[in-house]
Each structure stands twice: as C-alpha cells, then as structure tokens.
Amino acid sequence: MSELEVSRRRFLGVSMATGGLAATATRAAVAQTTTPPVRTPEMTDVTLDVNGRRHALTVEPRTTLLDALREGLRLTGTKKGCDRGSCGACTVHVDGARVLSCLTLAARCQDKSITTIEGLASKGELHPMQAAFLARDGLQCGYCTPGQIMSAVALVEEGRAVSDDAIREWMSGNICRCGAYPHILAAIKDVAGSGSRS
Amino acid sequence: MQNFTLADTASLDAALAAAQQTDTKFIAGGTDLLQLMKDEVERPQHLVDLDGLPFDQVTTSDDGARIGALVKMSDLADNPDLRRRYPVIAEALLASASPQVRNMATIGGNLLQRTRCGYFRDPGVAACNKRRPGSGCSAILGFNRLHAVLGGSDYCIATHPSDLAVALSALDAAVELRGSDGVRSVPINELYLLPGDTPERETVLNPGEIITAVLVPPPATGERSHYLKLRDRASFEFALVSVAVAVAVDDGRIRSARIAVGGVGTKPWRLPNVEAALVGLPVNRDALVEAAAHAAEGARPTRENAFKIPLMQRAVARALATVTA
C-alpha cells in the first residue's frame, strides 16, 4: 500500500461519519485494501505542472492524477465522488481540455499542463465563473462545485454555451445530487453572455 | 486497484513486443480499462501505454475516411470533413458518454469497450460466463431490462455498449489491425463475435493485436445518414435502443438503405430485412413504419426487456423519417 493511500484512509476514517459522498468513496478505498499485493510496486518519478508550478513526485503506476493532486500535493479542491468517471467531481483541465482526474494515471501526465480549481483565481480575484456561482447560489453542499466550475469554464471556452439546452447537454458529465442545476445554468449563462474572461 | 507496471513505448513494434508478456493490457484513453481495474474485473500485471504512437490522424477524401485509432472521440466529433460526409458518426459520438470522457477516450478503445452488464462489472457476483467462463449467467433469470433481445445465447445476453460501432456497422466500415504477424483489415460487421457458448471471446482480435485505424468507405451518391439514441435519461447514458441509418432517395423513392441498431444486440446489429423491404418504397410514414416492423424478426426477449422490441421498431421508423425528411 502506498503512502498516498495510507493518508487517504486516515482521512476517510475521520470523515466517514459526515455523509453519503464520503461513504461512496470509502467503498473504493476499502476494496483496495483487501487486495493482497501481487508484486512490488514499481515507483515512477513524474513532474506535474499544476497551475503553473512544477512539482516532482514519486508515484505508483496505479496512482491516479486525482490522488496525486489531493494526497501528494494537498490540492484538495478537486473532489473524489464516484472514482469511476460517472460524476464529474474530479474534473480538471489537462493541456486545456476538461478531463476526469480519477480515470487519469498521474504517471502519464509528465510534461502536461494541469489546471485545478485552485488555479482559476488570479491576483486574489475569483475567476468570473467562480464569482457567478457565488452570485447565483449555484450550489448547496458544494461537493460537486469544483468539478462543475472546471467543466463550466471549459464549456464556455469551447463555445458550447449557445442555448440553455446546449449548456445542459455539455454539462451532462457533472452530477449535482443537491439538484442545483437551474442555478448552475444561470451562472454559466451570466459568464457566457458577459463577454468577460472565461 | 491492483498495482501494475506501466511501459512507455516509442514505436508500434516496441508496443507489440512489450505485449508479449502474459497478463498485459494496452492502455490508450483508459476510461473503460481503469474503471474495470478499479472494480477488479480486469487485473492486468502490465500496462503498455499506446500514447504517442502515430495513429492520431483523420484523413477524409472522396475515397473514404481513415481514422486513427488513437484519435479522441471529441476530436473526431468536431472534425468538419467527417461531420459533413458522415453525420451519423459525429452524432453517435456526441450521444456517447460525457464531454470529459470524450476528451480522453479513443476511437479504438471505444470499439473495444466492455459491456455495461451490471453482473459482468461486479466481481461480487459469482455467475458471469463472460467474466468467469462456465460460471453461469446471472442476467438471464435476473435483472435484464437493459439486456439484449438479439444475438443472445443461453450463456450471455449482455449488450454491446458502443454507439460508434453501430454507426460504423451501418456504414460498412472496417478496422485495420496490427500484430506481430503484420497488418490486416476486418469489416466491423465481422469484428464482433456472438456470445454462443464462449461469451468471454468478444472479437476476432488475436492476443497482442491492436486496432490502428478505422476505414470508412465513401457514402453512396446522395446518401444521407443519421443516429438516433433513446435512453433512460436525456444525456450521459447508454442506449436502450439506438439506430444508425444511411439512406439514399431518388425521385421520392428509396434507392438504398443501410440500418444498424444498438442497445438491443449482443453486438452492433444490422437489419437486412428492413433494408431490403425499404428499397423502392415511397418516402411516406406508413411505408417506413411497415418496413421498420421487420426489425422485430428474430428478437427474443427475456422477462424485463420485451419493451425494447416495439421501441426498436418505432425508433427505426423515426430515424428513417428524420433522414429522409
């Protein structure tokens, strides 16, 4: 078991009582601990370029970008929801494209430019999409919000925000169990329509 | 997820050589493989990374299209030449997965993704002939609302999940395969195997062989194409029923029709009886509905999925009406 997973389990042990999302993530961690190690993990050095800063890390081949960000770099803004590519909570940008960090191996991210929710604000000012989510109250519990915002920023940059239906379709990879969708839609429309930095 | 070695490869030959080890899988986009590995449905000891191999180009001409297997789904869906010549491919891609998954997943990987049968994807279920040959099928007498009504056997009724494969089936595309024995081309309609009594064998690929390209013949003169996908929610969901149509019309009558359906078969399913019934028919609603009724021929429902048969007939009629409008 890697150091990353030890710290993850410790974290989960503390947070298990706090709600359903933590329980979902726990299932994955527990399943992993029940597997006897088949072979000595081969550690890999990788340099991750995250939010404009380079970080040298040593990871197992199986370490996902999500775990490397959260456990290795302590960038805990990116969330682990389903850990299976179904919920979008772990959405980050890699080389400008929105992707799922739970289905990305960290060892395959050498020389790639990664942006997380922590990298959106500049000079102490929130990104317009972050500000719009606040203004429109685009969240309740907030767990899915970093992924929603990363996806929304990409959606506007891709030029997909041409109608309400188009925004809904192109946000379909981000699930909000609180059901804040109408407010998320309003926030995205604010940014897409404003012509401001997106 | 069990640990593994991860091998970068500088060339196709190096990748094919590295894949000679036992318990080795290729990884491209990784969106399906990593899900399967996290759930320990797949437990490879070695992964061979295909990233960087020169199979990431799309070329289109009057002779057809050549799509590199490492092209991302999102890039192919956005390709203007492809969208113009083969709307059914772009529509099938955009109806697949989510924007994030499409930015990661590759064309070759999409064609080789595994079934979404919940029994296959849960190693806590003992009986699954596809995952554990000889263990039985939990779906045949279990929850089978999402399962196949065409092509099933007493061993497996899992559907093939790819939308792209359905579109390529209607277009009579082929895949280019490369292995240690060289290169060969296989029609997509011969790529997938029926489950029979060996549902663990899903394609004609040999061990260590990879898809390097998809080859699409040019559309017939005047032919139009379209993809219709029906599902339990509006987006980011696999098909209950999907239809790929490519139809040419002359003077108000159908000259040729190519139709494949998804979500209903154990592999992408062509409908030759519907295609034959359509030739020469006038383009009107009654004629299309009558021809589409042939889609039910040979269908065998299980306890929960009989609804797919009339849904398929109506979906075929609707897709035909749309493409000939």
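## Contact between the chains

Two residues are in contact if their C-beta atoms, placed from the backbone, lie within 7 Å. By this criterion, 30 residues of chain A are in contact with 23 residues of chain B. Helix H2 (20-33), strand E4 (97-100) and helix H6 (164-170) of chain A each contribute at least two residues to the side of chain A that touches chain B; helices (H or I, at least four residues) and strands (E, at least two) are DSSP runs, numbered from the N terminus. The largest share of that side, four residues, is supplied by E4(A). Sorted by class, the side of chain A that touches chain B has 12 nonpolar, nine polar and nine charged residues. Here Ala, Val, Leu, Ile, Met, Phe, Trp, Tyr, Cys and Pro count as nonpolar, Asp, Glu, Lys and Arg as charged, and the others, Gly among them, as polar.

## Basis of the model

This is a predicted model, in which local features need pLDDT of at least 70 and side-chain atom pairs count only at pLDDT 80 or more, while totals for chains, interfaces and linings use all residues. Residues are numbered from 1 along each chain as its sequence is written, and chains are lettered from A and ligands numbered from 1 in the order in which they are written.

The secondary structure of chain A consists of seven helices and five strands, arranged along the sequence in the pattern α-α-β-β-α-β-β-β-α-α-α-α. Among contacts in chain A between residues at least 6 apart in sequence, 58% join residues at least 24 apart. Of its 198 residues, 44% count as buried. A residue is buried if 20 or more other C-beta atoms lie within 10 Å of its own, exposed if 12 or fewer, and partly exposed in between, with C-beta atoms placed from the backbone.

Helix H3 (residues 65-72) of chain A is largely enclosed by the rest of the structure, because eight of its eight residues are buried. The buried residues of H3(A) include the charged residues Asp67(A), Arg70(A) and Glu71(A), together with Leu65(A), Leu66(A), Ala68(A), Leu69(A) and Gly72(A). Arg74(A), which follows H3(A), has a positive phi near 60 degrees.

## Chain A: positive phi in loops

Most residues other than glycine have a negative phi. Asn51(A) is not a glycine, yet its phi is positive, about 50 degrees. Asn51(A) lies in the loop between strand E1 (44-50) and strand E2 (53-59) of chain A. With 19 other C-beta atoms within 10 Å, Asn51(A) is partly exposed.

Lys123(A), also not a glycine, has a positive phi of about 50 degrees. Lys123(A) is placed in the loop between strand E5 (113-115) and helix H4 (128-136) of chain A. Lys123(A) is exposed, with 4 other C-beta atoms within 10 Å.

## Chain B: domains and sheet

Chain B is divided into domain 1 (5-49) and domain 2 (224-324), with bounds that come from an automatic or database domain assignment. The centres of these two domains, taken over C-alpha atoms, are separated by 37 Å.

An open sheet of three strands in chain B has the order E1-E3-E2, with parallel pairing; two strands pair if DSSP finds at least two bridges between them. Strand E1 (5-8) and strand E2 (24-27) of chain B stand at the edges with a single partner strand each, so one side of each is left without a neighbour in the sheet. From one strand to the next, the twist averages 25 degrees, where axes are lines fitted to C-alpha atoms, for helices over the stretch in contact, and angles run from 0 to 180 degrees between N-to-C directions. E2(B) and strand E3 (residues 46-49) of chain B pair in the parallel sense over four bridges. Lys25(B) has Leu47(B) as its bridge partner in E3(B).

Leaving aside neighbours within four places in sequence, Val245(B) is in contact with residues including Ala170(B), Ile259(B) and Leu320(B).

Helix H5 (residues 87-94) of chain B is largely enclosed by the rest of the structure, because seven of its eight residues are buried. Among them are Val88(B), Ile89(B), Glu91(B) and Leu94(B). The cover over the buried residues of H5(B) includes helix H8 (163-170), strand E9 (224-230) and strand E10 (241-250) of chain B.

## Chain B: an exposed loop residue

Arg303(B) is found in the loop between helix H11 (285-292) and helix H12 (308-324) of chain B, and is exposed, with 12 other C-beta atoms within 10 Å. Arg303(B) and Asn144(B) are 159 residues apart in sequence and 7.0 Å apart in space, C-alpha to C-alpha.
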